[in-house]
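Dear colleague,

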Amino acid sequence: DSSAQQGNAQARVLVASNRGPVSYAKAEDGSLSVKRGGGGLVSGLSAISAESTGGDGGGAVWVCAALGDGDREAARRFAGRLDPADTGGQSVRMLEIPAGDFADAYNGVANSVLWFVNHLLYQTPLEPSFDTEFERQWGAYERYNRAFADALAAEAAENATVMVQDYHLTLVPGLLRRLRPDLRIGHFSHTPWAPPDYYRMLPDAVGAEVLRGILGADRAAFLTRRWAGAFADCCERLLGADVRTDEPTGELLVTLEGRTTRLGVHGLGADAEFLRERANREDVYDRIASLREEIGTGPDGEARRALVRVDRTELSKNIVRGLHAYRRLLDDHPEWRERVVHLALAYPSRQDLAVYRDYMDEVSRVADEINSAYGTDSWTPVVLFLKDDFARSLAAYRLADVALVNPIRDGMNLVAKEVPVVSDEGCALVLSREAGAYEEMGGDALVVNPYDIADTARALHEGLTMEPSERTERTRRLASAATALPPDRWFLDQLHAL
Ligand code: G6P
(Lines give C-alpha, C1' and ligand atoms only; values in the text may rest on other atoms or scores of the structure.)
Protein backbone atom coordinates (compact mmCIF):
# COMPACT_ATOMS: atom_id res chain seq x y z
CA ASP A 1 0.00 0.00 0.00
CA SER A 2 1.06 3.58 -0.46
CA SER A 3 1.92 4.24 3.19
CA ALA A 4 4.29 1.27 3.15
CA GLN A 5 5.77 2.63 -0.06
CA GLN A 6 6.27 6.04 1.52
CA GLY A 7 7.95 4.36 4.49
CA ASN A 8 10.36 2.63 2.14
CA ALA A 9 11.20 5.72 0.19
CA GLN A 10 14.77 5.82 1.44
CA ALA A 11 16.85 5.48 -1.66
CA ARG A 12 19.10 8.42 -2.40
CA VAL A 13 20.59 6.93 -5.54
CA LEU A 14 18.57 4.74 -7.90
CA VAL A 15 19.57 2.89 -11.02
CA ALA A 16 17.00 1.52 -13.45
CA SER A 17 17.80 -0.92 -16.23
CA ASN A 18 16.03 -3.71 -18.02
CA ARG A 19 18.64 -6.34 -17.19
CA GLY A 20 19.60 -6.35 -13.54
CA PRO A 21 22.77 -7.41 -11.75
CA VAL A 22 21.57 -10.97 -11.09
CA SER A 23 19.51 -13.60 -12.85
CA TYR A 24 17.80 -16.70 -11.55
CA ALA A 25 17.44 -20.15 -13.04
CA LYS A 26 14.82 -22.59 -11.85
CA ALA A 27 15.80 -26.25 -11.44
CA GLU A 28 13.50 -29.27 -11.98
CA ASP A 29 12.90 -29.55 -8.23
CA GLY A 30 11.74 -25.93 -8.10
CA SER A 31 14.88 -24.60 -6.42
CA LEU A 32 16.35 -21.34 -7.64
CA SER A 33 20.00 -20.72 -8.39
CA VAL A 34 21.37 -17.23 -8.79
CA LYS A 35 24.00 -15.94 -11.18
CA ARG A 36 25.65 -12.57 -10.72
CA GLY A 37 26.44 -10.55 -13.82
CA GLY A 38 29.46 -8.38 -14.46
CA GLY A 39 29.82 -5.23 -16.47
CA GLY A 40 30.05 -1.52 -15.98
CA LEU A 41 26.76 -0.98 -14.18
CA VAL A 42 27.53 -3.57 -11.51
CA SER A 43 30.93 -2.12 -10.58
CA GLY A 44 29.61 1.42 -11.01
CA LEU A 45 26.80 0.96 -8.56
CA SER A 46 29.10 -0.65 -5.98
CA ALA A 47 31.27 2.45 -6.21
CA ILE A 48 28.24 4.66 -5.70
CA SER A 49 27.06 2.64 -2.76
CA ALA A 50 30.43 3.03 -1.12
CA GLU A 51 30.94 6.71 -1.82
CA SER A 52 27.59 8.39 -1.64
CA THR A 53 25.59 6.34 0.80
CA GLY A 54 27.89 6.10 3.76
CA GLY A 55 29.64 2.90 2.80
CA ASP A 56 26.87 0.42 3.59
CA GLY A 57 25.14 0.69 0.23
CA GLY A 58 21.93 1.21 2.17
CA GLY A 59 20.80 4.23 0.22
CA ALA A 60 21.18 2.81 -3.28
CA VAL A 61 18.54 0.74 -5.04
CA TRP A 62 18.66 -0.96 -8.42
CA VAL A 63 15.33 -1.45 -10.17
CA CYS A 64 15.28 -4.03 -13.00
CA ALA A 65 12.88 -6.38 -14.78
CA ALA A 66 12.39 -10.10 -14.22
CA LEU A 67 13.56 -11.56 -17.53
CA GLY A 68 12.94 -15.30 -17.56
CA ASP A 69 10.91 -17.84 -15.58
CA GLY A 70 13.55 -18.09 -12.86
CA ASP A 71 13.54 -14.32 -12.35
CA ARG A 72 9.75 -14.26 -12.25
CA GLU A 73 9.69 -16.92 -9.61
CA ALA A 74 12.33 -15.06 -7.57
CA ALA A 75 10.49 -11.73 -7.89
CA ARG A 76 7.35 -13.43 -6.58
CA ARG A 77 9.06 -15.31 -3.79
CA PHE A 78 10.89 -12.27 -2.49
CA ALA A 79 7.93 -9.96 -3.15
CA GLY A 80 10.01 -7.90 -5.57
CA ARG A 81 12.93 -7.17 -3.28
CA LEU A 82 15.71 -9.70 -3.76
CA ASP A 83 17.57 -11.40 -0.96
CA PRO A 84 20.78 -9.41 -0.30
CA ALA A 85 22.58 -12.75 0.06
CA ASP A 86 21.94 -13.24 -3.67
CA THR A 87 23.00 -9.77 -4.75
CA GLY A 88 26.21 -9.25 -2.81
CA GLY A 89 24.40 -6.97 -0.38
CA GLN A 90 22.98 -4.68 -3.05
CA SER A 91 19.36 -3.64 -2.73
CA VAL A 92 17.63 -4.85 -5.89
CA ARG A 93 13.98 -4.53 -6.76
CA MET A 94 12.97 -6.86 -9.56
CA LEU A 95 9.72 -5.97 -11.33
CA GLU A 96 7.49 -8.66 -12.66
CA ILE A 97 5.96 -7.24 -15.83
CA PRO A 98 3.09 -9.36 -17.25
CA ALA A 99 4.74 -11.88 -19.60
CA GLY A 100 2.93 -10.75 -22.77
CA ASP A 101 3.74 -7.10 -22.13
CA PHE A 102 7.34 -7.91 -21.39
CA ALA A 103 7.75 -9.84 -24.64
CA ASP A 104 6.12 -7.03 -26.64
CA ALA A 105 8.14 -4.28 -24.94
CA TYR A 106 11.51 -6.06 -24.90
CA ASN A 107 11.47 -8.16 -28.07
CA GLY A 108 8.94 -6.16 -30.05
CA VAL A 109 9.81 -2.52 -29.40
CA ALA A 110 13.21 -2.35 -27.69
CA ASN A 111 15.13 -5.03 -29.59
CA SER A 112 13.31 -5.09 -32.93
CA VAL A 113 12.61 -1.39 -33.38
CA LEU A 114 14.65 0.98 -31.20
CA TRP A 115 17.80 -1.17 -31.39
CA PHE A 116 17.38 -1.58 -35.15
CA VAL A 117 16.81 2.09 -35.84
CA ASN A 118 19.79 3.26 -33.78
CA HIS A 119 22.13 0.68 -35.32
CA LEU A 120 20.89 1.41 -38.87
CA LEU A 121 19.92 -2.25 -39.23
CA TYR A 122 16.74 -1.70 -41.17
CA GLN A 123 17.98 -2.58 -44.61
CA THR A 124 16.29 -4.56 -47.36
CA PRO A 125 14.57 -6.93 -46.71
CA LEU A 126 14.34 -5.94 -43.06
CA GLU A 127 12.54 -2.61 -43.36
CA PRO A 128 9.80 -2.37 -40.79
CA SER A 129 6.04 -2.13 -41.36
CA PHE A 130 4.33 -0.39 -38.49
CA ASP A 131 0.79 -1.67 -38.21
CA THR A 132 -1.53 -3.25 -35.64
CA GLU A 133 1.11 -5.57 -34.18
CA PHE A 134 3.40 -2.65 -33.52
CA GLU A 135 0.54 -0.64 -32.01
CA ARG A 136 -0.04 -3.45 -29.52
CA GLN A 137 3.69 -3.68 -28.78
CA TRP A 138 4.00 0.05 -28.32
CA GLY A 139 1.17 -0.01 -25.77
CA ALA A 140 3.08 -2.69 -23.88
CA TYR A 141 6.28 -0.63 -24.03
CA GLU A 142 4.42 2.31 -22.49
CA ARG A 143 3.06 0.12 -19.67
CA TYR A 144 6.46 -1.44 -19.05
CA ASN A 145 8.04 2.03 -18.81
CA ARG A 146 5.24 3.16 -16.51
CA ALA A 147 5.85 0.21 -14.19
CA PHE A 148 9.48 1.32 -13.84
CA ALA A 149 8.51 4.95 -13.27
CA ASP A 150 6.00 3.93 -10.57
CA ALA A 151 8.54 1.72 -8.78
CA LEU A 152 11.21 4.44 -8.89
CA ALA A 153 8.76 7.05 -7.63
CA ALA A 154 7.90 4.79 -4.71
CA GLU A 155 11.53 4.01 -3.79
CA ALA A 156 13.17 7.42 -4.16
CA ALA A 157 13.83 9.62 -1.14
CA GLU A 158 13.16 13.35 -1.42
CA ASN A 159 15.55 14.96 -3.96
CA ALA A 160 17.13 11.61 -4.79
CA THR A 161 19.10 10.97 -7.97
CA VAL A 162 17.84 8.45 -10.51
CA MET A 163 19.97 7.06 -13.33
CA VAL A 164 17.89 5.45 -16.05
CA GLN A 165 19.63 3.18 -18.55
CA ASP A 166 19.15 2.65 -22.23
CA TYR A 167 16.61 2.24 -25.01
CA HIS A 168 14.35 -0.06 -23.03
CA LEU A 169 13.45 2.79 -20.70
CA THR A 170 13.27 5.93 -22.86
CA LEU A 171 9.89 7.02 -21.51
CA VAL A 172 10.84 6.71 -17.84
CA PRO A 173 12.50 10.14 -17.37
CA GLY A 174 9.42 11.99 -18.65
CA LEU A 175 6.96 9.83 -16.70
CA LEU A 176 9.00 10.05 -13.52
CA ARG A 177 9.38 13.81 -13.70
CA ARG A 178 5.60 14.15 -13.71
CA LEU A 179 5.30 11.87 -10.67
CA ARG A 180 8.24 13.28 -8.75
CA PRO A 181 9.39 16.76 -9.84
CA ASP A 182 11.80 16.86 -6.88
CA LEU A 183 14.12 14.19 -8.33
CA ARG A 184 17.34 14.67 -10.30
CA ILE A 185 16.96 12.43 -13.31
CA GLY A 186 19.62 11.17 -15.70
CA HIS A 187 19.29 8.95 -18.74
CA PHE A 188 22.17 7.06 -20.37
CA SER A 189 22.11 5.60 -23.89
CA HIS A 190 24.52 2.69 -24.30
CA THR A 191 23.72 2.51 -28.01
CA PRO A 192 24.46 4.81 -30.93
CA TRP A 193 21.77 7.30 -31.95
CA ALA A 194 20.43 7.47 -35.48
CA PRO A 195 20.62 10.62 -37.64
CA PRO A 196 17.23 12.33 -38.21
CA ASP A 197 16.68 11.08 -41.77
CA TYR A 198 16.95 7.51 -40.54
CA TYR A 199 15.23 8.01 -37.19
CA ARG A 200 12.22 9.39 -39.08
CA MET A 201 11.41 5.85 -40.15
CA LEU A 202 9.62 5.44 -36.80
CA PRO A 203 5.96 6.45 -36.71
CA ASP A 204 6.03 10.21 -36.01
CA ALA A 205 4.22 10.03 -32.69
CA VAL A 206 6.47 7.22 -31.46
CA GLY A 207 9.68 8.93 -32.51
CA ALA A 208 8.54 12.10 -30.74
CA GLU A 209 7.47 10.26 -27.59
CA VAL A 210 10.89 8.60 -27.29
CA LEU A 211 12.73 11.93 -27.70
CA ARG A 212 10.40 13.70 -25.29
CA GLY A 213 10.71 10.85 -22.81
CA ILE A 214 14.49 11.18 -22.68
CA LEU A 215 14.22 14.98 -22.56
CA GLY A 216 12.34 14.47 -19.30
CA ALA A 217 15.81 13.97 -17.80
CA ASP A 218 17.97 16.78 -16.45
CA ARG A 219 20.89 15.18 -18.18
CA ALA A 220 20.87 12.70 -21.07
CA ALA A 221 24.24 11.11 -21.62
CA PHE A 222 25.84 9.16 -24.46
CA LEU A 223 29.04 7.23 -25.04
CA THR A 224 30.42 9.58 -27.69
CA ARG A 225 29.95 13.12 -28.98
CA ARG A 226 28.73 11.66 -32.24
CA TRP A 227 25.75 9.91 -30.66
CA ALA A 228 24.92 12.93 -28.48
CA GLY A 229 25.03 15.12 -31.60
CA ALA A 230 22.68 12.81 -33.50
CA PHE A 231 20.21 12.86 -30.61
CA ALA A 232 20.32 16.67 -30.55
CA ASP A 233 19.79 16.75 -34.34
CA CYS A 234 16.71 14.54 -33.96
CA CYS A 235 15.31 16.83 -31.24
CA GLU A 236 15.91 19.88 -33.42
CA ARG A 237 14.52 18.46 -36.64
CA LEU A 238 11.65 16.35 -35.32
CA LEU A 239 10.51 18.32 -32.28
CA GLY A 240 11.65 21.82 -33.22
CA ALA A 241 13.73 21.95 -30.03
CA ASP A 242 16.37 24.62 -29.61
CA VAL A 243 19.95 23.28 -29.50
CA ARG A 244 22.93 25.28 -28.24
CA THR A 245 26.46 24.56 -27.15
CA ASP A 246 27.28 25.47 -23.58
CA GLU A 247 30.49 27.45 -24.03
CA PRO A 248 32.62 26.55 -21.03
CA THR A 249 31.85 22.81 -21.15
CA GLY A 250 31.22 22.25 -24.86
CA GLU A 251 28.15 20.23 -23.88
CA LEU A 252 24.96 20.46 -25.92
CA LEU A 253 21.85 21.97 -24.36
CA VAL A 254 18.45 20.99 -25.75
CA THR A 255 15.54 23.24 -24.84
CA LEU A 256 11.94 22.23 -25.45
CA GLU A 257 8.94 24.10 -24.09
CA GLY A 258 11.01 26.04 -21.60
CA ARG A 259 12.89 23.09 -20.08
CA THR A 260 16.53 22.38 -20.85
CA THR A 261 18.25 19.02 -20.89
CA ARG A 262 22.04 18.91 -20.87
CA LEU A 263 23.67 16.25 -23.04
CA GLY A 264 26.68 14.62 -21.42
CA VAL A 265 29.34 12.43 -23.01
CA HIS A 266 30.93 9.64 -20.97
CA GLY A 267 32.95 7.03 -22.81
CA LEU A 268 32.90 3.88 -20.75
CA GLY A 269 36.34 2.25 -20.40
CA ALA A 270 37.49 -1.26 -19.59
CA ASP A 271 37.84 -2.39 -15.99
CA ALA A 272 41.56 -3.19 -16.08
CA GLU A 273 41.93 -4.42 -12.53
CA PHE A 274 39.04 -6.85 -12.81
CA LEU A 275 40.09 -8.10 -16.26
CA ARG A 276 43.73 -8.70 -15.37
CA GLU A 277 42.84 -10.59 -12.22
CA ARG A 278 40.16 -12.63 -13.96
CA ALA A 279 42.39 -13.41 -16.94
CA ASN A 280 44.98 -14.99 -14.64
CA ARG A 281 42.78 -17.67 -13.15
CA GLU A 282 43.16 -21.37 -13.67
CA ASP A 283 40.15 -21.77 -15.97
CA VAL A 284 41.60 -19.21 -18.39
CA TYR A 285 44.92 -21.09 -18.54
CA ASP A 286 42.97 -24.28 -19.33
CA ARG A 287 41.21 -22.52 -22.18
CA ILE A 288 44.48 -21.08 -23.52
CA ALA A 289 45.90 -24.60 -23.68
CA SER A 290 42.92 -25.97 -25.58
CA LEU A 291 42.76 -22.99 -27.94
CA ARG A 292 46.45 -23.46 -28.71
CA GLU A 293 45.67 -27.02 -29.68
CA GLU A 294 42.90 -25.84 -32.03
CA ILE A 295 45.28 -23.31 -33.58
CA GLY A 296 48.08 -25.83 -34.05
CA THR A 297 51.24 -25.37 -36.08
CA GLY A 298 51.71 -24.53 -39.74
CA PRO A 299 53.75 -26.34 -42.41
CA ASP A 300 56.96 -24.68 -41.19
CA GLY A 301 56.41 -26.04 -37.68
CA GLU A 302 55.66 -22.58 -36.26
CA ALA A 303 52.54 -21.86 -34.24
CA ARG A 304 49.83 -20.51 -36.53
CA ARG A 305 48.62 -16.93 -36.13
CA ALA A 306 45.34 -16.37 -34.32
CA LEU A 307 42.75 -13.99 -35.72
CA VAL A 308 40.14 -13.54 -33.00
CA ARG A 309 36.69 -12.07 -32.72
CA VAL A 310 34.37 -12.16 -29.69
CA ASP A 311 30.77 -10.98 -29.94
CA ARG A 312 27.20 -11.65 -29.10
CA THR A 313 25.79 -13.04 -32.36
CA GLU A 314 24.20 -9.74 -33.16
CA LEU A 315 23.41 -8.26 -36.56
CA SER A 316 25.16 -4.99 -35.72
CA LYS A 317 28.40 -6.88 -35.02
CA ASN A 318 28.75 -7.67 -38.73
CA ILE A 319 30.12 -11.17 -38.21
CA VAL A 320 29.21 -12.46 -41.66
CA ARG A 321 31.10 -9.69 -43.49
CA GLY A 322 34.00 -10.40 -41.15
CA LEU A 323 34.03 -14.00 -42.39
CA HIS A 324 33.89 -12.83 -46.01
CA ALA A 325 36.86 -10.55 -45.33
CA TYR A 326 38.79 -13.50 -43.93
CA ARG A 327 37.93 -15.49 -47.02
CA ARG A 328 39.13 -12.62 -49.18
CA LEU A 329 42.40 -12.58 -47.20
CA LEU A 330 42.93 -16.26 -47.99
CA ASP A 331 42.29 -15.52 -51.68
CA ASP A 332 44.45 -12.42 -51.97
CA HIS A 333 47.23 -13.80 -49.79
CA PRO A 334 47.38 -17.56 -50.23
CA GLU A 335 50.59 -17.47 -48.18
CA TRP A 336 48.35 -17.30 -45.10
CA ARG A 337 46.67 -20.62 -45.86
CA GLU A 338 47.64 -23.19 -43.23
CA ARG A 339 49.33 -20.38 -41.28
CA VAL A 340 46.39 -18.61 -39.65
CA VAL A 341 43.27 -19.73 -37.79
CA HIS A 342 40.20 -17.56 -37.30
CA LEU A 343 38.76 -18.14 -33.84
CA ALA A 344 35.24 -16.73 -33.98
CA LEU A 345 33.52 -16.63 -30.59
CA ALA A 346 29.93 -15.84 -31.49
CA TYR A 347 27.71 -16.26 -28.48
CA PRO A 348 23.92 -16.61 -28.73
CA SER A 349 21.86 -13.50 -28.11
CA ARG A 350 18.15 -12.59 -28.21
CA GLN A 351 17.22 -16.02 -29.53
CA ASP A 352 13.49 -15.28 -29.13
CA LEU A 353 13.78 -13.26 -32.32
CA ALA A 354 13.72 -15.15 -35.62
CA VAL A 355 16.07 -12.67 -37.29
CA TYR A 356 18.73 -13.42 -34.65
CA ARG A 357 18.27 -17.18 -35.01
CA ASP A 358 18.61 -16.85 -38.78
CA TYR A 359 21.71 -14.74 -38.35
CA MET A 360 23.26 -17.39 -36.14
CA ASP A 361 22.57 -20.01 -38.85
CA GLU A 362 24.08 -17.73 -41.47
CA VAL A 363 27.27 -17.34 -39.43
CA SER A 364 27.62 -21.13 -39.15
CA ARG A 365 26.82 -21.62 -42.82
CA VAL A 366 29.45 -19.17 -44.04
CA ALA A 367 32.08 -20.58 -41.64
CA ASP A 368 31.33 -24.10 -42.95
CA GLU A 369 31.61 -22.86 -46.52
CA ILE A 370 35.05 -21.41 -45.87
CA ASN A 371 36.16 -24.58 -44.13
CA SER A 372 35.05 -26.81 -46.98
CA ALA A 373 36.54 -24.54 -49.63
CA TYR A 374 39.94 -23.98 -48.02
CA GLY A 375 40.38 -26.50 -45.17
CA THR A 376 42.84 -29.37 -45.40
CA ASP A 377 43.39 -32.55 -43.39
CA SER A 378 45.61 -30.65 -41.00
CA TRP A 379 44.01 -27.19 -41.03
CA THR A 380 40.55 -25.84 -40.14
CA PRO A 381 40.51 -22.18 -41.25
CA VAL A 382 37.59 -21.05 -39.04
CA VAL A 383 36.85 -22.40 -35.58
CA LEU A 384 33.46 -21.22 -34.31
CA PHE A 385 32.52 -21.23 -30.64
CA LEU A 386 28.82 -20.78 -30.05
CA LYS A 387 28.55 -21.37 -26.31
CA ASP A 388 29.01 -18.37 -24.04
CA ASP A 389 32.13 -18.77 -21.92
CA PHE A 390 33.83 -15.70 -20.45
CA ALA A 391 36.99 -17.63 -19.51
CA ARG A 392 37.36 -18.65 -23.15
CA SER A 393 36.87 -15.06 -24.30
CA LEU A 394 39.68 -13.94 -22.01
CA ALA A 395 41.92 -16.77 -23.21
CA ALA A 396 41.27 -15.73 -26.82
CA TYR A 397 42.02 -12.08 -25.97
CA ARG A 398 45.32 -13.11 -24.41
CA LEU A 399 46.65 -15.11 -27.34
CA ALA A 400 45.18 -13.13 -30.26
CA ASP A 401 47.63 -11.83 -32.88
CA VAL A 402 44.89 -9.84 -34.58
CA ALA A 403 41.47 -8.92 -33.18
CA LEU A 404 38.63 -8.12 -35.55
CA VAL A 405 36.02 -5.64 -34.28
CA ASN A 406 34.03 -4.57 -37.34
CA PRO A 407 30.50 -3.58 -36.24
CA ILE A 408 28.17 -1.75 -38.61
CA ARG A 409 27.53 0.52 -35.63
CA ASP A 410 28.21 0.13 -31.96
CA GLY A 411 27.65 2.45 -29.01
CA MET A 412 31.17 1.76 -27.76
CA ASN A 413 32.33 -1.87 -28.12
CA LEU A 414 34.11 -3.14 -25.05
CA VAL A 415 35.86 -6.03 -26.80
CA ALA A 416 38.04 -3.46 -28.61
CA LYS A 417 38.99 -2.12 -25.19
CA GLU A 418 39.39 -5.41 -23.34
CA VAL A 419 41.75 -7.09 -25.82
CA PRO A 420 44.68 -4.66 -25.46
CA VAL A 421 44.34 -4.71 -21.67
CA VAL A 422 44.90 -8.46 -21.30
CA SER A 423 46.90 -9.25 -24.47
CA ASP A 424 50.03 -11.28 -23.67
CA GLU A 425 52.28 -10.27 -26.53
CA GLY A 426 50.47 -7.41 -28.19
CA CYS A 427 47.60 -7.66 -30.64
CA ALA A 428 46.84 -5.69 -33.78
CA LEU A 429 43.32 -4.26 -33.60
CA VAL A 430 41.21 -4.04 -36.75
CA LEU A 431 38.48 -1.61 -35.78
CA SER A 432 35.37 -0.29 -37.49
CA ARG A 433 35.20 3.47 -37.70
CA GLU A 434 31.51 3.13 -36.81
CA ALA A 435 32.21 1.83 -33.29
CA GLY A 436 32.15 4.38 -30.48
CA ALA A 437 35.56 3.06 -29.40
CA TYR A 438 37.00 4.51 -32.61
CA GLU A 439 36.79 8.04 -31.18
CA GLU A 440 39.23 7.11 -28.42
CA MET A 441 41.29 4.38 -30.08
CA GLY A 442 41.29 5.14 -33.80
CA GLY A 443 44.90 6.36 -33.77
CA ASP A 444 46.51 3.00 -33.02
CA ALA A 445 43.95 0.67 -34.57
CA LEU A 446 43.76 -0.43 -38.22
CA VAL A 447 40.57 1.39 -39.09
CA VAL A 448 38.03 -0.05 -41.54
CA ASN A 449 34.74 0.78 -43.20
CA PRO A 450 32.62 -2.16 -41.96
CA TYR A 451 30.81 -2.59 -45.30
CA ASP A 452 34.05 -2.76 -47.27
CA ILE A 453 35.17 -6.36 -47.34
CA ALA A 454 38.24 -5.68 -49.51
CA ASP A 455 39.35 -2.94 -47.11
CA THR A 456 38.81 -5.21 -44.12
CA ALA A 457 40.82 -8.00 -45.75
CA ARG A 458 43.66 -5.54 -46.37
CA ALA A 459 43.60 -4.48 -42.73
CA LEU A 460 43.70 -8.12 -41.60
CA HIS A 461 46.80 -8.66 -43.73
CA GLU A 462 48.38 -5.52 -42.33
CA GLY A 463 47.65 -6.72 -38.80
CA LEU A 464 49.14 -10.14 -39.49
CA THR A 465 52.32 -8.65 -40.92
CA MET A 466 52.81 -5.88 -38.36
CA GLU A 467 56.31 -5.81 -36.83
CA PRO A 468 56.25 -7.23 -33.29
CA SER A 469 57.79 -4.07 -31.81
CA GLU A 470 55.18 -1.85 -33.44
CA ARG A 471 52.43 -4.21 -32.35
CA THR A 472 53.57 -4.07 -28.73
CA GLU A 473 53.90 -0.30 -28.80
CA ARG A 474 50.44 0.19 -30.30
CA THR A 475 48.87 -2.28 -27.87
CA ARG A 476 50.38 -0.40 -24.94
CA ARG A 477 48.86 2.88 -26.16
CA LEU A 478 45.52 1.20 -26.95
CA ALA A 479 45.40 -0.24 -23.43
CA SER A 480 45.97 3.14 -21.88
CA ALA A 481 43.24 4.74 -24.03
CA ALA A 482 40.94 1.82 -23.19
CA THR A 483 41.24 2.27 -19.45
CA ALA A 484 41.09 6.07 -19.33
CA LEU A 485 37.59 6.03 -17.87
CA PRO A 486 37.07 2.98 -15.63
CA PRO A 487 33.45 2.00 -14.84
CA ASP A 488 33.44 3.30 -11.27
CA ARG A 489 34.63 6.75 -12.40
CA TRP A 490 32.24 6.66 -15.35
CA PHE A 491 29.39 6.25 -12.90
CA LEU A 492 30.55 8.70 -10.26
CA ASP A 493 31.23 11.40 -12.88
CA GLN A 494 27.62 11.15 -13.99
CA LEU A 495 26.32 11.19 -10.47
CA HIS A 496 28.32 14.30 -9.63
CA ALA A 497 27.29 15.99 -12.87
CA LEU A 498 23.66 15.37 -11.98
C1 G6P B 1 23.48 -3.87 -25.26
C2 G6P B 1 22.57 -2.96 -24.48
C3 G6P B 1 22.41 -3.46 -23.07
C4 G6P B 1 22.01 -4.91 -23.10
C5 G6P B 1 23.02 -5.73 -23.88
C6 G6P B 1 22.67 -7.20 -23.96
O7 G6P B 1 24.79 -3.72 -24.84
O8 G6P B 1 23.04 -1.64 -24.48
O9 G6P B 1 21.42 -2.73 -22.42
O10 G6P B 1 21.85 -5.40 -21.82
O11 G6P B 1 23.10 -5.20 -25.16
O12 G6P B 1 21.45 -7.37 -24.54
P13 G6P B 1 20.29 -8.16 -23.81
O14 G6P B 1 19.11 -7.99 -24.72
O15 G6P B 1 20.77 -9.56 -23.73
O16 G6P B 1 20.11 -7.53 -22.45
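The model is predicted: local features need pLDDT of at least 70, side-chain atom pairs count only at pLDDT 80 or more, and totals for chains, interfaces and linings use all residues. Residues are numbered from 1 along each chain as its sequence is written.

An open sheet of nine strands, with mixed pairing, runs in the order β5-β4-β1-β6-β7-β8-β11-β10-β9. Strands are DSSP runs of E with at least two residues and helices are runs of H or I with at least four, both numbered from the N terminus; two strands pair if DSSP finds at least two bridges between them. β5 (91-95) and β9 (242-245) are the edge strands, each with a single partner, so one side of each has no neighbour in the sheet. Within the sheet, β6 (residues 156-165) and β7 (residues 184-189) are parallel and share five bridges; valine 162 has isoleucine 185 in β7 as its bridge partner.

The loop between β6 and α7 (172-179) holds aspartate 166, which has a positive phi of about 80 degrees without being a glycine. Aspartate 166 is buried, with 20 other C-beta atoms within 10 Å (buried means 20 or more such atoms, with C-beta atoms placed from the backbone). Asp166 also belongs to the ligand's surroundings, together with Arg19, His190, Thr191, Ser349 and Arg350 (a residue counts as near if its C-beta atom, placed from the backbone, lies within 6 Å).

Asparagine 318, in the loop between β12 (305-312) and α13 (319-332), likewise has a positive phi, of about 65 degrees. Asparagine 318 is buried, with 25 other C-beta atoms within 10 Å.

With kind regards

Notes: Buried ≥ 20, exposed ≤ 12 C-beta atoms within 10 Å, placed from the backbone.
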